[in-house]
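User: Can you walk me through reading a few features here? I'd like the general idea, then the case at hand.

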Amino acid sequence: MIIATFNINGIKARMPALLDWLRDRRPDVALLQEIKSVDEAFPSDPIQELGYHVETHGQKGFNGVAILSRLPLDDIARGLPGDPGDEQARWIEANIQGSKAPVRVCCLYLPNGNPAPGPKLDYKLSWMGRMKLRARTLLEFEEPFIMAGDCNVIQQPEDCWDETVWLEDALYLMETRTAFREILNLGFTDALHVRDDSPGNYTYWDYQAGRWNKNHGVRIDHVLLSPQAADMLIDCKVDKYVRGEPKPSDHVPVWVELDA
C-alpha cells in the first residue's frame, strides 16, 4: 500500500499538476492539505475518474484537507477532537482496507503559527496539544495508523537550507520543536527521517527569491507511523521532481510504502 501526503496549495489551481502526479505515482491513498475549497465545491469528478474515492473536510478559501483512496475506506472522522469551537478545517481521518490489514490514516494540516509570538503561535501549540491527545488515544488500540501532512515543523538544522533564517520563525522555534518531539516520543517513527535523513531532502520551497532553483527549501511535510505501521514500512521517498513541473504547489508529495 502506497500512502502519500501532498499539500497542493489550492485544488482548483493545482488540479492539472495533481492529476499528472496521481497518474504517475498511482498512490493507493493520497492525503491532501490546503485544498482551499468547501466540500460541495470540491472538483471530485476528474479524481474519481482515476478510480479514487474522495472524502473532504473543507473551508472556503483557506485550509482544508482531503483523503483520496483507491481502496475501500470507512469510519471517516472530520476535525481534530478537543475544541468544539475550532472552525479551521485541518484534520480528517479514516480506515483504509488494505489487502493484508486495515490502516487508519490521519491527514493533517498543522497551523503555521506566524507571526510569533502571538495568538497564532498560541493556537499552533494548543492544536499540537490536541494532536498529542488524539495520537495517544489511537495508540491505545495497538493497530497500524499514520499521521501525515504539512506539519509546519522544521525538526532539526539539516531540515532547512539555512538555520539562521528560521531562528525566529514559528516553524523552528524551540516551543514548536519540543511540542512535536513530545508527539514523536509517544512511540512514532518518522518515516522519512528513518529512510533518508540526508541534508537537502526538502519538501517545500517558497515561490519567492528563486528558492526552488537555489534549493533553498525546508522539510516540513512528515509521515509519522505508529509502532504497528512502522513494522510494515518498506520505503519512504520525496517526489521532488513535482516542484519543477508547470504551475506547481510550493510543496511536493512524500510517500510511504507499507506491507499492508
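User: Is Tyr202 buried or exposed?

Analyst: Quick ground rules: this is a predicted model, where local features need pLDDT of at least 70, side-chain atom pairs count only at pLDDT 80 or more, and totals for chains, interfaces and linings use all residues. Residues are numbered from 1 along each chain as its sequence is written, and side-chain values use heavy atoms, leaving out hydrogens and water. Buried means under 20% relative accessible area, exposed over 50%, partly exposed in between (1.4 Å probe, protein chains only). Tyr202 is buried, at 7%, and Trp205 is buried too, at 0%.

User: How are the rings of Tyr202 and Trp205 arranged?

Analyst: A pair of aromatic rings is described by the distance of the centres and the angle of the planes. Rings of Phe, Tyr and Trp (its six-membered ring) pair if their centres lie within 6.5 Å; planes under 30 degrees apart are stacked, over 60 edge-to-face, the rest tilted. The whole structure has 5 aromatic pairs. For Tyr202 and Trp205, the centres are 6.5 Å apart and the planes at 70°, so they're edge-to-face. Ring pairs also bring in Trp212, making a cluster with Tyr202 and Trp205.

User: Which charged end sits over the ring of Tyr172?

Analyst: The test is NZ of Lys or CZ of Arg within 6 Å of the ring centre and within 35 degrees of the ring normal. Over Tyr172 it's Arg177, 4.0 Å from the centre. Arg70 likewise lies over the face of Tyr52, at 5.6 Å from the ring centre.
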